[in-house]
Each structure stands twice: as C-alpha cells, then as structure tokens.
Amino acid sequence: SGIRQPHVVGGVVYYLDGDNRIMRYSVRYNKHYEVVSTNNPDCFFDVYYNRVYYTDCDGNIHTVRSNGKEDKILVKANAKNLMLSDRFIFFLEGDSVCSAQTNTGTDLYVQKIVKADSFSVCGEYIVYSNEENGYTVCDFGTDDDDLITVTGILPYIAEGDSLIVYGEWKHNPKYGRQFVA
C-alpha cells in the first residue's frame with residue numbers, strides 16, 4: 001500500500017514498499033531493486049553510505065549492504081524510531097534514547113543517553129526552520145490543550161501535522177522551557 005519512509009542517497013531512492021521490503025530505486029537506470037524483505041510492518045530504517053540499517057519484528061537492528069548481501073544483526077534490542085547520524089545509530093528502547101556506533105565491528109556498545117518523555121502533539125506554528133540541516137523550532141498543542149515549544153531536527157514537519165515526539169525538557173536561557181526532540 002504505497003511507499004513509506006523514502007531516503008535519497010545520491011541518485012538512489014530507498015523506500016519501504018507495501019510488502020515490507022526495503023527497496024532501492026536507481027534514478028540513472030530507472031529500475032527498482034529489493035534490498036531486503038523485513039516482514040515487519042513497523043520497520044524503521046535508515047541508510048549510511050552503502051549500508052542499510054533496519055529493525056526486524058523483534059526490534060533488533062540489522063545492517064545489510066545496499067545490494068542485499070551481508071545481512072547481520074548489530075544490536076539485539078526492542079528498537080523503535082531508528083536514525084543514523086555520522087557513525088552513530090540512535091533509537092528508542094522502552095523509555096530511553098540509546099546510541100551505538102556503526103563502525104565498531106560486532107561488539108557494539110549500546111549506551112542509554114537519556115530517559116525520554118513523549119507527547120502526542122499537533123503542530124500549531126513553525127517559529128523557525130533551517131532547510132539545510134532540518135533544525136526546527138515549533139509550537140505544538142498537546143492532548144491537554146497546552147502549548148509547548150519543541151526544538152530538534154524535524155525536517156519534514158509542516159503546520160498542522162500530528163506526531164509523537166520523544167526527548168527531554170531543557171531550559172533555554174533566552175527562550176525558556178523547551179522540549180528537545
């Protein structure tokens with residue numbers, strides 16, 4: 001039922017298809033290739049260089065080459081919301097934000113960074129948005145009709161969007177209390 005979670009890397013678009021397969025589409029050759037079948041309707045994935053990182057049905061984090069070879073489990077966890085940044089994998093496990101390095105071989109050190117709060121929110125106003133890095137400051141209405149300021153890397157957010165944000169409360173000396181997602 002459609003394409004989900006598109007990621008563009010160079011001339012290739014990676015996406016999750018309706019059959020829960022991570023696919024890659026080559027713009028140059030106008031062709032679709034299967035990377036891996038996840039059998040996980042709640043799969044999260046991200047791409048870093050020529051490797052795809054994804055979660056299986058149990059929440060374990062796998063890595064596989066973009067050609068579908070060398071699929072292996074990197075982290076045994078109950079991971080949600082997988083995201084890559086440089087050489088680090090960030091994910092939610094229970095109520096904690098965790099990280100692991102991608103370049104340390106098979107003995108990954110998983111670190112719980114912070115216990116995460118979460119909110120269901122509806123976007124009211126985008127106060128600031130940097131198109132280059134996705135950093136966004138926006139005001140959201142909560143389920144309790146409170147208005148909170150959320151900051152973080154939210155590159156695809158638009159006014160009126162509803163989402164669940166994870167993070168922690170911080171006090172900004174200039175702008176006051178903010179939820180850092």
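The accessible surface of the protein chain comes to about 10800 Å², and 47% of that surface belongs to carbon and sulfur atoms. Accessible areas come from the Shrake-Rupley method with a 1.4 Å probe, and for residues only the protein chains shown count as cover. This is a predicted model, in which local features need pLDDT of at least 70 and side-chain atom pairs count only at pLDDT 80 or more, while totals for chains, interfaces and linings use all residues. Residues are numbered from 1 along each chain as its sequence is written, and side-chain values use heavy atoms, with hydrogens and water left out.

Of the 181 residues of the protein chain, 40% count as buried. Buried means under 20% relative accessible area, exposed means over 50%, and partly exposed lies in between, with a 1.4 Å probe and protein chains only. The chain has 0 helices and 17 strands. Both are DSSP runs numbered from the N terminus: helices are H or I with at least four residues, strands are E with at least two. Among contacts between residues at least 6 apart in sequence, 27% join residues at least 24 apart; a contact means heavy atoms within 4.5 Å.

Two strands pair if DSSP finds at least two bridges between them. The angles run from 0 to 180 degrees between N-to-C directions, and the axes are lines fitted to C-alpha atoms, for helices over the stretch in contact.

Within this sheet, S2 (residues 12–16) and S3 (residues 21–26) run antiparallel and are joined by 5 bridges. The bridge partner of Leu16 in S3 is Ile22. On to the next pair: S3 and S4 pair in the antiparallel sense over 6 bridges, and Tyr25 stands opposite His32 in S4. S3 and S4 form a hairpin with 4 residues between them.

Asn30 is found in the loop between S3 and S4. Asn30 has a positive phi of about 50° although it is not a glycine. Most residues other than glycine have a negative phi. At 56% relative accessibility, Asn30 counts as exposed. Glu70, in the loop between S7 and S8, is another residue other than glycine with a positive phi, near 65°.

A further open sheet of 4 strands has the order S5-S6-S7-S8, again with antiparallel pairing. Here the edge strands are S5 and S8 (72–75), each pairing on one side only. Neighbouring strands of this sheet are turned by 30° against each other on average, direction ignored. S5 is joined to S6 (residues 51–55) by 4 bridges, and the two run antiparallel. Val47 stands opposite Val52 in S6.

Two residues from this part of the chain can be set side by side. Leu74 has its place in strand S8 and is buried, because its relative accessible area is 12%. The C-alpha atoms of Leu74 and Val64, 10 residues apart along the chain, are separated by 10.0 Å. Cys57 sits in the loop between S6 and S7 (61–65) and counts as exposed, because its relative accessibility is 54%. Leaving aside its neighbours within four places in sequence, Cys57 is in contact with Thr38, Asn39 and Asn40. The C-alpha atoms of Cys57 and Ala79, 22 residues apart along the chain, are separated by 9.8 Å.

Thr136 counts as buried, because its relative accessibility is 1%. Apart from neighbours within four places in sequence, the residues in contact with Thr136 include Ile126, Tyr128, Val150 and Leu154.

The largest pocket holds about 1700 Å³ of space. On a 1 Å grid over the protein atoms alone, a pocket is an open set of points with protein on both sides within 12 Å along at least five of seven lines, and lining residues have an atom within 4 Å of a point. The lining consists of 40 residues, of which Asn81, Leu82, Met83, Ile153 and Pro155 lie nearest the centre of the pocket. Strands that each supply at least two lining residues include S1, S9 (79–85) and S15 (147–153). The largest share of the lining, 8 residues, comes from S16.

Notes
1 Å grid on protein atoms, 1.4 Å probe; cavity = no way out; pocket = protein on both sides within 12 Å on 5 of 7 lines; lining within 4 Å. Points joined across faces, edges and corners; volume = space filled by probe spheres on them.
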